[in-house]
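Trainee: I've got a new model open and could use a hand reading it. Can we go through it together?

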Amino acid sequence: MEIEIKLSNLHPGQQKVRDEAKRFNVLCCGRRWGKSELAADILCDTVLDGFPAGYFTPTYKLLDGTYRECVSILDPIITRKNEHNFIEIKGGGKIDFWSLENEMAGRSRKYKVSILDECAFTKNLMQVWTESIRATLTDLKGSAWFLSTPKGKNDFFKLYMRGKSEEPNWASWQMS
């Protein structure tokens, strides 16, 4: 018996971002645009292919919505889960959920995708990215997604500008 998993129906803006994605992706958009839905779609798509993924937020409380969305999508094939910590599925895929209140989050892990949500509100974002999360993508040549609403010219803004440059492997979008 084959179980069908239904990913989200992405709206045109979300689909555009998925279609134009590069290895490192920075998405700056409004609060109701659907960043969390896009994150769940990317995470579930990754683990359905049998790969590990990591999802990072500035605080533990912000993990809830995306964790629940992923559980809802993957429910028929979840083999093991721990509330707000991880989801494992048949076929070997796993999503780890991390709070960046611990700047060591994700260290020693290997991910095909790492998603950092609400980046503009993450303390020491560049340090966390370069010293902890970036290395998680090395072994599997994984991709990173930086998602947030804007909040001044902080580290998230610097990453956004990197994606706007002509630097290969980086892309940025701003959507209302």
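Trainee: Which residue in β7 is the bridge partner of Asn25?

Mentor: Keep in mind that this is a predicted model. Strands β1 (residues 24-29) and β7 (residues 143-148) pair in the parallel sense over five bridges. In β7, the bridge partner of Asn25 is Trp145.

Trainee: Okay, so which strands stand at the edges of the sheet?

Mentor: Read the order across this open sheet of eight strands: β3-β4-β5-β2-β6-β7-β1-β8, with mixed pairing. Each edge strand has a single partner, so one side of it is left without a neighbour in the sheet. The two edge strands are β3 (78-82) and β8 (170-175).

Trainee: What about the twist from one strand to the next?

Mentor: We take it as an average over the sheet's strands. It comes to 10°.

Trainee: What angle does helix α4 make with β6?

Mentor: Helix α4 (residues 125-133) packs on the sheet, where it touches β1, β2, β6 and β7. Its direction and that of β6 make an angle of about 160°.

Trainee: Which backbone nitrogen does the Asn154 side chain reach at the start of α5?

Mentor: Look for a side-chain oxygen of Asn154 there. That oxygen comes to within 3.1 Å of the backbone nitrogen of Phe156.

Conventions. Residues numbered from 1 in each chain as written. Predicted model: local features only at pLDDT ≥ 70, side-chain atom pairs only at ≥ 80, totals over all residues. Heavy atoms only, no water. Pairing = 2+ DSSP bridges. Helix = DSSP H or I, 4+ residues; strand = E, 2+ residues; numbered from the N terminus. Axes fitted to C-alpha atoms, helices over the stretch in contact; angles between N-to-C directions. Contact = heavy atoms within 4.5 Å. Polar contact = N/O pair within 3.5 Å; in protein donor to acceptor, adjacent residues only side chain to side chain.
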